[in-house]
Amino acid sequence: GRYSYLYFCNNPDRTQTLTEEDKQKQQELIEKIWKTVDNSFYDSQSHEWWDKTASFSSGLHAMTKLRASYFIGRSNDALSWSMDDKSNKEIHIVDVGCGGGVLAEGMVRCAAREYGYKRITLTGIDL
């Protein structure tokens, strides 16, 4: 499954910018977490992450629009950027422990559609 791939391959697409020391620390943390978390349920449901009608993920998708709007709204308030700023400055969204990435993707859509951000970077860090 997805989590097994990330664990065994150290998720190379997201660790390229880390120092060797940070990679080692991340690997130690992953091993510690991996021993305590049973991801077999999520692995068995991974085919349903993006299915908005599936019993496993329908509630998650239903909440995503509200949750994304809340988080982006609070960030927008804190930044107090003008429309000019939203066009020229880049907003960074970081999703730690992504799971399927449903909320992170929703936050990107919300930032663009509801708040007018033009330059958005999404970074996911899987644990």
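**Helix packing and the core**

Reply: In this predicted model, helix 4 (residues 58-79) packs with helix 6 (residues 102-113) at an angle of about 50 degrees, and their axes are 8 Å apart.

Me: Which residues in helix 4 and helix 6 meet?

Reply: On the helix 4 side they are Leu-60, His-61, Thr-64, Arg-67, Ala-68, Ser-69, Phe-71 and Ile-72, and these meet Val-102, Leu-103, Gly-106, Met-107, Cys-110 and Ala-111 in helix 6. The residues of this contact divide into 9 nonpolar, 4 polar and 1 charged.

Me: And which residues make up the largest nonpolar core?

Reply: That core has 10 residues, namely Ala-68, Ile-72, Trp-81, Ile-91, Ile-93, Leu-103, Met-107, Cys-110, Ala-111 and Tyr-117. Helix 4, strand 1 (90-96) and helix 6 are the elements that give two or more residues to this core, and helix 6 gives the most, with 4 residues.

Me: Tyr-117 is in that list; what is Tyr-117 in contact with, leaving aside its neighbours within four places in sequence?

Reply: With those neighbours left aside, Tyr-117 is in contact with Asn-76, Leu-79, Trp-81, Lys-86, Ile-91, Ala-111 and Ala-112. Among these partners, Trp-81, Ile-91 and Ala-111 also belong to the largest nonpolar core.

Me: Switching topic, what is the phi of Ser-80?

Reply: Phi of Ser-80 is near 50 degrees, which is a positive value in a residue other than glycine. Most residues other than glycine have a negative phi.

Me: Where is Ser-80 placed, and is it buried or exposed?

Reply: Ser-80 lies in the loop between helix 4 and helix 5 (83-88), and Ser-80 is exposed because its relative accessible area, 58%, is over 50%.

Me: Zooming out, how many helices and strands does the protein chain have?

Reply: The protein chain comes to 6 helices and 2 strands, and from the N terminus on its elements run α-α-α-α-α-β-α-β.

Me: How much of the protein chain is buried, and what share of the contacts with a separation of 6 or more is between residues 24 or more positions apart?

Reply: Buried residues make up 31% of the 127 residues in the protein chain. Of its contacts with a separation of 6 or more, 68% are accounted for by residues 24 or more positions apart.

Conventions:
Residues are numbered from 1 along each chain as its sequence is written. This is a predicted model: local features need pLDDT of at least 70, side-chain atom pairs count only at pLDDT 80 or more; totals for chains, interfaces and linings use all residues. Side-chain values use heavy atoms; hydrogens and water are left out. Axes are lines fitted to C-alpha atoms, for helices over the stretch in contact, and angles run from 0 to 180 degrees between N-to-C directions. Contact means heavy atoms within 4.5 Å. Ala, Val, Leu, Ile, Met, Phe, Trp, Tyr, Cys and Pro count as nonpolar, Asp, Glu, Lys and Arg as charged, and the others, Gly among them, as polar. Buried means under 20% relative accessible area, exposed over 50%, partly exposed in between (1.4 Å probe, protein chains only). A nonpolar core is a set of buried Ala, Val, Leu, Ile, Met, Phe, Trp, Tyr and Cys residues joined through side-chain atoms within 4.5 Å.
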